[in-house]
Amino acid sequence: MKKLTSLTVCSLMLSLQLNAATAYVTRSGSTYTGKVDGSVVYSGPSYNAAIQACIDNMSSGTIYIRNSGTCEPTYGIAPKNGLTLDYGGTQATGTSSTISVIQLDRKSNVTIRNLRIAGNPRYGIWSRSSSGITLSGCSAQVTGGLPFRFDDSKSGGSRNINVNSITSNGQTAHGLETYTVDGFYWSTMTANDSAGCGLLLNNTINWSGGSVYAYNCNYGGGYAGFRVANSNGRGTVNYVDANRCGRGIFSLTQSRDATINNCYIRNCSGIGIWLQDSYNTRVLAGTVQNNGGGCYSITGGSGNSVNVSCR
């Protein structure tokens with residue numbers, strides 16, 4: 001076998017960069033146009049079809065969506081491996097018959113940037129058994145559904161998911177939920193007015209986050225601003241801020257090896273922090289005050305600790 005020299009590798013990388021396509025989706029009146037490297041690949045009334053036509057006519061590169069639109073029923077946009085979709089702050093509106101705005105099944109190295117999800121789709125971005133997925137600057141302002149979910153419905157779990165500056169607003173099932181992910185990393189997750197959790201990690205290992213900000217998430221209920229459940233594994237979050245939620249921090253169902261470096265939990269209807277049947281879970285610092293169910297509780301499990309100022 002011929003050994004590749006560093007010059008050959010650099011040449012191959014440069015070739016891939018030069019061959020990457022650039023696509024644009026625009027709208028004039030009621031007509032959407034999709035262009036790939038200047039060539040029209042779609043012109044018509046469908047927002048979804050314009051974006052998908054660009055995807056189908058390129059093998060790598062970036063698609064710039066420059067106008068908002070309404071998503072069609074059933075499953076949504078299906079990016080190919082290695083593509084970037086940059087929505088530039090435009091809005092994709094789902095209806096009650098929209099299963100997902102963007103569907104990622106067994107995909108790898110896909111980036112979604114600056115998308116605003118609206119309406120009431122069942123899912124906003126739904127990723128199943130995918131790896132190397134990055135969301136950046138995305139938000140949801142919806143009346144139901146689950147804006148961001150990463151799971152293993154196609155078997156095999158998900159790996160290496162990166163979430164940067166995500167915001168979820170509205171009566172969502174949860175702001176963001178994972179199930180069976182190995183490697184979940186986020187900078188800031190903000191959730192307001194969720195019917196469930198702000199951020200919920202299920203059966204997820206090797207996770208780390210900068211901060212969680214949850215306001216009015218399931219007030220009067222049993223969910224929490226930040227919740228780990230269903231044998232969730234090791235990970236660290238630097239800061240959890242939960243205000244007027246059902247609970248502030250909640251670890252349960254055999255979850256283990258979680259570290260919360262700091263927190264500010266207040267005005268929740270239930271207990272501020274509850275470590276229930278968990279193992280080696282630690283809250284290192286923070287302030288917990290004015291919660292209907294008290295400051296914190298540790299029940300069952302072992303190796304758990306909470307070191308906060310109760311007020």
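This is a predicted model: local features need pLDDT of at least 70, side-chain atom pairs count only at pLDDT 80 or more; totals for chains, interfaces and linings use all residues.
Started at Asp 86, which I find in strand 6, residues 83-86.

Is Asp 86 buried or exposed? Its relative accessibility is 9%, and the cut-off for buried is under 20%, so I log Asp 86 as buried.

Next I looked up what the Asp 86 side chain touches. One of its polar atoms sits 2.9 Å from the backbone nitrogen of Gly 88. The Asp 86 side chain also makes a polar contact with the side chain of Arg 113, at 3.1 Å. Skipping neighbours within four places in sequence, I get contacts from Asp 86 to Thr 62, Ile 63, Tyr 64, Ile 65 and Arg 66, plus Arg 113 and Asn 114.

I count 10 aromatic pairs in the model. For Tyr 24 and Tyr 64 the ring centres are 5.3 Å apart and the planes are at 25°, so I file the pair as stacked. Tyr 24 belongs to strand 1 (residues 21-28) and Tyr 64 to strand 4 (residues 61-65), so this pair ties together parts 40 residues apart in sequence.

Which rings link up into a cluster? I traced ring pairs through Phe 150, Phe 184, Trp 186, Trp 207 and Phe 226.

The largest nonpolar core holds 70 residues, and Phe 184, Trp 186 and Phe 226 have the most contacts inside it. There is a second, separate core of 6 residues, including Phe 250, Leu 252, Ile 271 and Trp 274.

I then listed partners for Trp 186, again leaving out neighbours within four places in sequence. Among them are Val 163, Leu 199, Leu 201, Trp 207, Val 212, Phe 226 and Val 237. Ser 208, Gly 209, Gly 210 and Ser 211 are on that Trp 186 list as well.

Looked for charges over rings. Arg 247 lies over the face of Phe 250, 4.5 Å from the ring centre. Arg 128 does likewise over Trp 126, at 4.4 Å.

Last, the whole chain. I get 2 helices and 28 strands. The C-alpha trace spans about 65 × 55 × 30 Å along its principal axes. A compact globule of 311 residues would have a radius of gyration near 19 Å, and the chain's 21 Å agrees with that. I have 51% of the 311 residues down as buried. Of the contacts between residues at least 6 apart in sequence, 52% join residues at least 24 apart.

Notes: Residues are numbered from 1 along each chain as its sequence is written. Side-chain values use heavy atoms; hydrogens and water are left out. A nonpolar core is a set of buried Ala, Val, Leu, Ile, Met, Phe, Trp, Tyr and Cys residues joined through side-chain atoms within 4.5 Å. Buried means under 20% relative accessible area, exposed over 50%, partly exposed in between (1.4 Å probe, protein chains only). Contact means heavy atoms within 4.5 Å. Helices (H or I, at least four residues) and strands (E, at least two) are DSSP runs, numbered from the N terminus. A polar contact is a pair of N or O atoms within 3.5 Å; within protein, one must be able to donate a hydrogen and the other to accept it, and residues adjacent in sequence count only if both atoms are side-chain atoms. Rings of Phe, Tyr and Trp (its six-membered ring) pair if their centres lie within 6.5 Å; planes under 30 degrees apart count as stacked, over 60 as edge-to-face and the rest as tilted. A charge sits over a ring if NZ of Lys or CZ of Arg is within 6 Å of the ring centre and within 35 degrees of the ring normal. The radius of gyration is taken over C-alpha atoms; the globule rule is 2.2 Å times the number of residues to the power 0.38.
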